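Below is a brief report on one protein model. Please look through the sequence and the structure before reading on.

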Amino acid sequence: MDTMTAAVLTRFGGPDALELHHDWPRPRPQHGQVLVRVTAAAVNNTDLWTRQGAYGLPDDPAAQAGWLGAFDFPRIQGGDIAGVVVEVGPGVTGDPVGRRVLVDPALYGSDDDDASPVGYLGSEADGGFAQYVAVAASHAHDVQDSPLSDEQLACLPVAFGTAIGMLERASVRSGETVLVTGSSGGVGLALVQLAAARGAHVLAITSGSKGDAVLANGAAQVFNRDSPDVLARIRAAAPRGLDVVADIAGGPGLAAMMPLLRDNGRWVIAGAVAGPVVEFDLRRLYLHNVQLIGSSMHTRVHFRRLVGLARDGQVRPQISSTFPLAEIADAQKEFAERRHIGKIVLRPQ
C-alpha cells in the first residue's frame, strides 16, 4: 500500500500528542471523492481546542470531545487546506485532476445549501496535516486562476470562512459601525478585512502592540483591550451606538459592552477565548430589541462567496510564519503562545 507522511494525533493533549508518521496509509478516494495533494495547511484554534478535548458535550461540558462530538483516535488534524487534485473516485464528474483547489473543511448535516456544519476536517474526519487528504469533490473548489499563493489560500477556510459566516448571519451592511473583538488573530483580521470591504466602519479591539497591523487590514480605529477607559473610548467613537459587534472573545466583555449596542443592534459571536460562561442582564436584550446570534463556521453559500473573493484576489490573508510539516510541534507551540499576527502555515512537501 502507498504511504504518506502525516502528523497523527494519538491522544488528547498539547503539541507532543502529535506524532509524525512517514508510513501512514495514503488515502484512496471513495465514491464522490477526490484525492488532494496538500500544498499548504494552516494552524487554527479549532485544531488546538479539539486536541485539548476542550469542547465538551451537551450533557457533559467537562467531557473531552472533538468539535461537535466524541473524538476518535488516531486522527490527522488540519482544517485549512490548499492543494492540487491528483486522483478522483468513482462518480466524480468532469476532470479536476491537476487543478489547484481550496478545500471546504465543513461536514454538513444535509445537502441543503444553508445547512450548518455538524463536523469538521481534522476533528470528525481526517484533515490536511499530511501530504494527501481525500475529500468530497463538491468540497474541493477550483482556485486555479487565483492570484493568491497556496500559503495564502490555506489561510482562508476556517478563519475567513468563520468570519464571512458571522457577517452574513448578522447581515452587516455598508455604512454600519461594526466592532470586532480579538481583532489581531486569524478570524479577527478576516472580520476586519471583510467588514471593511462591505463598506462598514470598523472599530477593533486588540492588544496595544498589534494595533498597527489591524489598522493596515482596514480598521478605522483600534482600542487597546487593557486600557482602563476602553469602553468610554468606544462609546465616543460610536456616539449613536454600535450597529454590530462581531465577537470571538466572549467572557466578561459581553456584559460590559452590550450597552454600547444601539437599539435593534446585533451581537454575533463565534468564539469564547476570554471565557465560555457569561452573565449579563437579559433586559438589555429584550428592552432594546438586541439580537444575540450564534455563528459556527459557515454554510456552503458562505464558502462559495469566499471562494469567489479568493479567485478575484479580493482578500489579503496575512501570514505570520511558515513551517515544514516535520516541524509541526514547533508551529503549534508558536501558535499557543499567541504572539503572532495572522496565520501560521505548514508546508507538507
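Strands here are DSSP runs of E, at least two residues long, and helices are runs of H or I with at least four residues, both numbered from the N terminus. Two strands pair if DSSP finds at least two bridges between them. Strand β6 covers residues 100–103, and three bridges join β5 to β6. The two run antiparallel.

Strand β5 also pairs with β3. Eight bridges join them, again in the antiparallel sense. Within this pairing, Val-38 stands opposite Gly-83 in β5.

## How the model was read

Residues are numbered from 1 along each chain as its sequence is written. The model is predicted, so local features need pLDDT of at least 70 and side-chain atom pairs count only at pLDDT 80 or more, while totals for chains, interfaces and linings use all residues; side-chain values use heavy atoms, with hydrogens and water left out.

## A sheet of three strands

Three strands form an open antiparallel sheet. Their order is β2-β1-β4. Strands β2 and β4 (75–76) stand at the edges with a single partner strand each, so one side of each has no neighbour in the sheet.

Strand β1 spans residues 3–9 and is joined to β2 by six bridges. Thr-3 has Pro-25 as its bridge partner in β2.

## A sheet of six strands

Another open sheet has six strands, with parallel pairing. The order is β13-β12-β11-β14-β15-β16. Neighbouring strands are turned by 20° against each other on average, direction ignored. Such angles run from 0 to 180 degrees between N-to-C directions, with axes fitted to C-alpha atoms, for helices over the stretch in contact.

Strands β11 (residues 177–180) and β14 (residues 242–247) pair over three bridges. Val-178 has Val-244 as its bridge partner in β14. Helix α4 (residues 186–197) packs on the sheet. The helix touches β11, β12 (201–206) and β14, where contact means heavy atoms within 4.5 Å. The direction of α4 makes about 170° with that of β12.

## The cavity

The model has one cavity of 30 Å³ or more. A cavity is a set of points on a 1 Å grid over the protein atoms alone where a 1.4 Å probe fits but cannot get out; lining residues have an atom within 4 Å of a point. The volume is about 60 Å³ for the largest cavity, taken as the space filled by probe spheres set on the points, which are joined across faces, edges and corners.

The lining includes Cys-155, Phe-160, Leu-189, Arg-316 and Lys-343. Helix α4 gives the largest share, three residues.

## Salt bridges

Side chains of opposite charge can pair when their charged atoms come close. The structure holds 17 salt bridges, each a side-chain nitrogen of Lys or Arg within 4 Å of a carboxyl oxygen of Asp or Glu. One of them joins Arg-26 and Glu-87, with the closest N and O atoms 4.0 Å apart. This pair links distant parts of the chain, 61 residues apart. Arg-26 lies in the loop between β2 (18–25) and β3 (33–42), and Glu-87 lies in β5 (residues 80–88).

Methods
On a 1 Å grid over the protein atoms alone, a cavity is a set of points where a 1.4 Å probe fits but cannot get out, and a pocket is an open set with protein on both sides within 12 Å along at least five of seven lines; lining residues have an atom within 4 Å of a point.
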